[in-house]
Amino acid sequence: MKILGHAKLKQRERTVLVGHTDSGEPVRLKVRAPKLNIYEWISEEIGEPEPPMNGEVKRTKRGKIVIGSDGQAVRAPNDQDPKYLKEVARCEKARSIALVLSCLGDQVEPEVKKGSMDPVDYYHAVYDEMQDAGIDIAAFHSLTAAATELSQPLTEDEVSDAKAALGVDDESQQGLEEGK
């Protein structure tokens, strides 16, 4: 496909400082905009956990018991179950790791191999490797923020305009410091 006569557009990216080498050299990673289908792919790979059925029967708004196609009362899911909520949090963390990993491309090479591993366990193992490699919570947050920003529909100009309108851009902040 050509877009305004160009065969291919340059991929948007952000550079993130993730740490320093032993000799003090900065280590920066380029976070590239994710592909169009990234969220679909992540959702397919990391499904939603199912809440347990708590034994209570499901009822209509009028209080009548809901009967399933098998003639039995339908059980209500317990979406407040602590084990279920923990698994939801694990899945969300795995999705964040998957997004960051896809945006980093071949700049990082996890030692753990996906193989037949459960996807949630795989991404948590990659997270552990990132920690062991020296990526701290602030660096991981910066990587996640860059990946998320690049997957949003806002352009840099729109973000700059919004910051200026809110008075949180560099120029406005400098004016505040100078008492203007």
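Author: A helix here is a DSSP run of H or I with at least four residues, and helices are numbered from the N terminus. The model is predicted. In this model, His-124 lies in helix H3.

Reader: Why does His-124 count as buried?

Author: Buried means under 20% relative accessible area. His-124 has 13% relative accessibility, so it counts as buried.

Reader: What does His-124 touch, leaving aside its neighbours within four places in sequence?

Author: His-124 is in contact with Arg-90, Lys-93, Ala-94 and Ile-97. A contact needs heavy atoms within 4.5 Å.

Reader: Why does Leu-101 count as buried?

Author: Take the cut-off again: under 20%. The relative accessibility of Leu-101 is 14%, so Leu-101 counts as buried too. Leu-101 is found in helix H2, residues 82-104.

Reader: Which residues is Leu-101 in contact with, beyond neighbours within four places in sequence?

Author: They are Val-108, Pro-110, Tyr-122, Tyr-123 and Val-126. There is also a distance to quote. Leu-101 and Ala-147 are 46 residues apart along the chain, and their C-alpha atoms are separated by 9.3 Å.

Reader: Where does Val-112 lie?

Author: Val-112 sits in the loop between H2 and H3. Not counting residues up to four places away in sequence, Val-112 touches Met-117, Tyr-122, Ala-125, Val-126 and Glu-129. Take Val-126, 14 residues from Val-112 along the chain: the two C-alpha atoms are 6.8 Å apart.

Reader: What makes a set of residues a nonpolar core?

Author: The residues must be buried, of kinds such as Ala, Val or Leu, and joined through side-chain atoms within 4.5 Å. The largest such core has 30 residues, and those with the most contacts inside it are Val-31, Ile-46, Tyr-123 and Leu-143. S1, S2, H1 (38-45), H2, H3 and H4 (137-150) each give two or more residues to this core. H2 gives the largest share, nine residues.

Reader: What is Ile-46 in contact with, leaving aside neighbours within four places in sequence?

Author: The list is Cys-91, Ala-94, Arg-95, Ala-98, Pro-119, Val-120 and Tyr-123.

Reader: What makes a space a pocket?

Author: A pocket is an open set of grid points with protein on both sides within 12 Å along at least five of seven lines. About 440 Å³ of space lies in the largest pocket. Its lining has 13 residues, and Gln-11, Ala-33, Pro-34, Lys-35 and Leu-36 lie nearest the centre. By class, that lining has seven nonpolar, two polar and four charged residues.

Reader: How many residues line the second largest pocket?

Author: There are 17, with Val-108, Glu-129, Met-130, Ala-133 and Ile-135 nearest its centre. Strand S1 (13-20), strand S2 (26-32) and helix H3 (119-132) each give two or more residues to this lining. The volume of the second largest pocket is about 320 Å³. Ten of its lining residues are nonpolar, four are polar and three are charged.

Reader: How many helices and strands are in the protein chain?

Author: The protein chain has six helices and four strands. Along the sequence they follow the pattern β-β-α-β-β-α-α-α-α-α.

Reader: What percentage of the residues count as buried?

Author: Of the 180 residues in the protein chain, 24% count as buried. The accessible surface comes to about 13,200 Å², and 51% of this belongs to carbon and sulfur atoms.

Terms used. Residues are numbered from 1 along each chain as its sequence is written. This is a predicted model: local features need pLDDT of at least 70, side-chain atom pairs count only at pLDDT 80 or more; totals for chains, interfaces and linings use all residues. Side-chain values use heavy atoms; hydrogens and water are left out. On a 1 Å grid over the protein atoms alone, a cavity is a set of points where a 1.4 Å probe fits but cannot get out, and a pocket is an open set with protein on both sides within 12 Å along at least five of seven lines; lining residues have an atom within 4 Å of a point. Grid points are joined across faces, edges and corners, and a volume is the space filled by probe spheres set on the points. Ala, Val, Leu, Ile, Met, Phe, Trp, Tyr, Cys and Pro count as nonpolar, Asp, Glu, Lys and Arg as charged, and the others, Gly among them, as polar. Buried means under 20% relative accessible area, exposed over 50%, partly exposed in between (1.4 Å probe, protein chains only). Accessible areas come from the Shrake-Rupley method with a 1.4 Å probe; for residues, only the protein chains shown count as cover.
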